[in-house]
Amino acid sequence: MRRIKKVSVTKYIISYLIGLILALSFLMVLFVNILADRVIYYDIQSMLISESLKNSKNAYYEDGIIKPNEEFRYVDDGMYFQILSEDGSLMLGESPEGLKDSEEEINQRLRTIVSHDREFYIIDRVNRRLTKQVGHIVYNRCIVSKQDADSKYEYIKYISYASIPVFLLLVLGAGIVMSRRIAEPLKQMSKTAETIGKEGELSRRMEYDGRITELGVLAETNNRMLTRVEEMLENQKRFSSDVAHELRTPIAVLLAQCEYAKEYVGTKEEFDEAIDVIYRQSKRTNTIITQLLNLNRLENGRIVLDLENADLDEMIRSVCDEIEFKEKERVSFELELSGVRANLDIGLILILLQNLIQNAVKYSTAPATVRITTAYRGEAVVVKVQDFGCGIREEDLPHIFDPFYRVEKSRNSEGFGLGLSLAYRIAKVHKGELEVSSEWGKGSTFTLIIAGK
């Protein structure tokens, strides 16, 4: 595969501009040449007709003869004027030297004739005024040397040719200026990006206050990307710190308990107690790791959904029965189920429901009441889990789905701050939404919205 040679913006624009200028130069020369010839032709024709008509007004018919008055011109500025009869015979006027009177036939179109190595423009036009007076057709004729007529226009033609390179040089200069105006901010953006890459200063941003919309959009897009990357790195740092913090406690307990069992355990009861502590801390560690793995798979799109049309109400009842069995008299559920079904991954949605409902029970004062409702909203299914516990402060709501985030009151609870984050990602992979509304001291409502059957 042929590699494309890289060039700067300025060189790229100028090279294409030069090619365009050369092509435009050729077209302009061709256009000027053709246009100039046509303009010269029609201008000479118009001039001869106008001067001939104007001069013929100074001739009159009397006693069977066409006579000139004092203002009649036989020759003026190289133009010869004649008045001819219907058969082409000369009635008034003069012919240029070398061109005999009435040598050329009558023709009302501008044409050139050659006589004794000299070229002439000649044109005839009917003189309507004298034709009416004489009783037969009378023509005005105007003759001028082609060399004399053309010489007046050659200067204009040469000026046109000379203006082409001047115009094109101006275009090239404007192109160079514009290319630099484009290249300079691009160079600055590239320099900023290189500095960020080398020094890792993600807080730096690209600046552009010029008038080119696309460059402004490019700068804003890169700045948004940098902001997103900075947030991701900060989240990654916080996530790594939280993981280390959450795992450090159970591992420290495990190590301490093992040391204790090794040094001091002397009876079966003490041994069983040590093993029980080790088991509980191992289970806690395993839960954290499992949730982290599930969260990682969801965020990286490495989970393939096994979708099937399921009875969502039945899944909710199953989760509530399990929690009621464990919690005994601590919780009661108010179920308002509408028989909804949806295409979903049963295993993942069960994890989502368990997290939402357990979270509602955890942050409610015993005996807790949790209200769960299901309904259709158009083609979507809506599940609401409402508790009447402590609620969530307004400043905590934007972070409630962040991994390891726990509101201040729950810092000492048994949770790891992963359940709601996991539930949120499960809703997203189902192309759904998980929303929260809360009022401090009055409880919270989590709303799941996914596509229905």
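Helices here are DSSP runs of H or I with at least four residues, strands are runs of E with at least two, and both are numbered from the N terminus. Before I go on, this is a predicted model, in which local features need pLDDT of at least 70 and side-chain atom pairs count only at pLDDT 80 or more, while totals for chains, interfaces and linings use all residues. Residues are numbered from 1 along each chain as its sequence is written, and side-chain values use heavy atoms, with hydrogens and water left out.

H8 itself covers residues 419-429, and eight of its 11 residues are buried. Buried means under 20% relative accessible area, exposed means over 50%, and partly exposed is in between, with a 1.4 Å probe and protein chains only. The buried residues of H8 include Leu-420, Leu-422, Arg-425 and Ile-426.

Next, helix H6, residues 312-327. From first C-alpha to last, its 16 residues reach 23 Å, close to the 22 Å expected at 1.5 Å a residue. The expected span is 1.5 Å times one less than the number of residues.

Which residues of H6 are buried? They are Leu-312, Asp-313, Met-315, Ile-316, Val-319, Cys-320 and Ile-323. These residues cover an arc of only 160° around the axis, so they lie on the same side of H6. The arc is taken from the directions from the helix axis to the C-beta atoms. Among the elements they pack against are strand E9 (307-311), strand E10 (331-336), E11 and helix H7 (346-362).

Both ends of H6 deserve a look. At the N-terminal end, Asp-311 is the cap, with a side-chain oxygen 3.1 Å from the backbone nitrogen of Asp-313. Just after the helix, Lys-328 takes a positive phi of about 60°.

Now to strand E11, residues 341-345, which contains Asp-345. Is Asp-345 buried or exposed? Its relative accessibility is 11%, so Asp-345 counts as buried. Its side chain reaches the backbone nitrogen of Leu-348 at 3.2 Å. Beyond neighbours within four places in sequence, Asp-345 is in contact (heavy atoms within 4.5 Å) with Val-304, Leu-305, Asp-306, Leu-307 and His-430.

Ser-444 is in strand E15, residues 443-451. With a relative accessible area of 5%, Ser-444 is buried. Its side chain makes a polar contact with the side chain of Ser-438, at 2.8 Å. A polar contact is a pair of N or O atoms within 3.5 Å; within protein, one must be able to donate a hydrogen and the other to accept it, and residues adjacent in sequence count only if both atoms are side-chain atoms. Setting aside residues up to four places away in sequence, Ser-444 also touches residues including Val-385, Gln-386 and Asp-387.

Last, the rings. How many aromatic pairs does a search of the whole structure find? It finds two. In one, the rings of Tyr-41 and Tyr-42 have centres 5.2 Å apart and planes at 85°, so this pair is edge-to-face. In the other, the rings of Phe-72 and Tyr-74 have centres 5.1 Å apart and planes at 80°, so that pair is edge-to-face. Rings of Phe, Tyr and Trp (its six-membered ring) pair if their centres lie within 6.5 Å, and planes under 30 degrees apart count as stacked, over 60 as edge-to-face and the rest as tilted. Phe-72 is buried at 8% relative accessibility, whereas Tyr-74 is partly exposed at 30%.
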